[in-house]
Amino acid sequence: MSERAATEPAPGEAILEVRDLVKHFPVRVGVLFKHVIGQVRAVDGVSFELRRGETLGVVGESGCGKSTLAQVLMRLEPPTSGTALYKGRDMFAMRGAELRKLRRSIQIVLQDPYTSLNPRMTVGDIVGEPFDIHPEVAPKGERRAKVRELLDVVGLNPEHINRYPHQFSGGQRQRIGIARALALRPEIIICDEPVSALDVSIQAQVMNLLGDLQSEFGLSYVFIAHDLSVVRHLSDRVAVMYLGKIVEIGTEDEIYSHPTHPYTQALLSAVPVADPTVRGQRQVIRLEGDVPSPVDPPSGCRFRTRCWKAQDVCAEEVPELVTRVAGHPSACHFAEERSVVP
Ligand SMILES: Nc1ncnc2c1ncn2[C@@H]1O[C@H](COP(=O)(O)OP(=O)(O)O)[C@@H](O)[C@H]1O
Ligand code: SF4
Ligand SMILES: [Mg+2]
């Protein structure tokens, strides 16, 4: 094992610290789109910590800001405000050599392996492409050998290095995407719904692969999903998002066995249960209506238009994400434990 530099976080220490992160997109109208008539509040004050070697699940319905959060953390979109410290250094202020190193250290795996791979490139070129941008990781003469090794690591046949994406199944294509993300030996991988487009049986295989790679390489994951069941086994902690904000965050046990926010409880009650006797006893919480527009979110608690517990105070005061009950933070004035899955 290589020696850890003095500045390297030890296992369990924060590798990423996100504070009050905000990303708004202007809503423009007019022939030349010159007039800004509002803001899409895609991410609206998100704070969390990612520790070395852990998986933080990020869960919420479509449109709640998960991919925007991922794009900002990848530095593909500038934040509107807020900070993110990578190993204690402001990652949005990084330039030059430090930024190059950051771009190696944080990688992303996207949802759709069909559209995220260039159909005209061979698998070898796709997986080896990051070496063109960062030749210091693999000198030209060693690249093919490195790519073969990466294919082997993700469970693909290294002999298939000259094949094209269409010659692989959906699950295999996601393995290609994972091999490419691993090429630069990152420390953090942001997984943006990597298994949502796959069949359930294939999902489990890809999740197992990601778990194995995490142990082997000491990776930290931000694992995004729209369904709480998908992230359960991989996640050490889970953050539940609603309309640009984290509404509850805690350990796997706290979120699944002691949820305190009505939204988390509703999401949990929708998780498929295999055991028919358990399914029969379970009370399903049906959410009324749709997710409101992030251009004009409800005052006070953003969840109040769909919440069965809402009181007057919920329209007037934004509930802070603080610990009121059950030992973990929940952004609800009336947070209380409710066992949803028996
Ligand atoms: N580039 C953009 N310009 C304007 N609005 C955007 C842009 N990207 C995302 N949004 C909006 O931000 C909100 C959050 O989207 P997104 O982050 O993709 O959510 P999720 O990944 O949770 O489904 C949505 O209302 C979406 O329409
Ligand atoms: S603060 Fe009020 S509206 Fe919001 S989740 Fe809690 S009870 Fe429901
Ligand atoms: Mg998304």
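Modeller: Axes are lines fitted to C-alpha atoms, for helices over the stretch in contact, and angles run from 0 to 180 degrees between N-to-C directions. Helices (H or I, at least four residues) and strands (E, at least two) are DSSP runs, numbered from the N terminus. This is a predicted model: local features need pLDDT of at least 70, side-chain atom pairs count only at pLDDT 80 or more, and totals for chains, interfaces and linings use all residues. Residues are numbered from 1 along each chain as its sequence is written, and chains are lettered from A and ligands numbered from 1 in the order in which they are written.

Colleague: Why are α3 and α5 called roughly parallel?

Modeller: Angles under 35 degrees count as roughly parallel, over 145 as roughly antiparallel, 65 to 115 as roughly perpendicular and the rest as oblique. The axes of α3 and helix α5 (residues 170-182) cross at roughly 30 degrees and come within 7 Å. α3 and α5 are therefore roughly parallel.

Colleague: What makes the crossing of α3 and α5 left-handed or right-handed?

Modeller: The near helix is turned from the far one: anticlockwise by less than a right angle is left-handed, clockwise is right-handed. α3 passes α5 in a right-handed crossing.

Colleague: Which residues of α3 and α5 meet?

Modeller: Contact requires C-beta atoms, placed from the backbone, within 7 Å. Val123, Ile126, Val127 and Pro130 of α3 meet Ile176, Ala179 and Arg180 of α5. For classes, Ala, Val, Leu, Ile, Met, Phe, Trp, Tyr, Cys and Pro are nonpolar, Asp, Glu, Lys and Arg charged, and the others, Gly among them, polar. The contact of α3 with α5 has six nonpolar, no polar and one charged residues.

Colleague: How do α3 and α4 cross?

Modeller: The axes of helix α3 (residues 123-133) and helix α4 (residues 143-153) come within 9 Å and cross at roughly 115 degrees. This crossing of α3 and α4 is right-handed too. On the α3 side, the contact is made by Gly124, Val127, Gly128 and Phe131; α4 brings Arg143, Arg144, Val147, Leu150 and Leu151. Those residues divide into five nonpolar, two polar and two charged.

Colleague: What surrounds ligand 1?

Modeller: A residue is near a molecule if its C-beta atom, placed from the backbone, lies within 6 Å of it. The shell around ligand 1 includes Phe25, Val40, Lys66, Ser67 and Thr68. α1 gives the largest share, three residues. By class, that shell has five nonpolar, six polar and one charged residues.

Colleague: And which classes make up the shell around ligand 2?

Modeller: Nine nonpolar, one polar and two charged residues. Among them are Cys301, Cys307, Cys314, Cys332 and His333.

Definitions and conventions
Contact = placed C-beta atoms within 7 Å.
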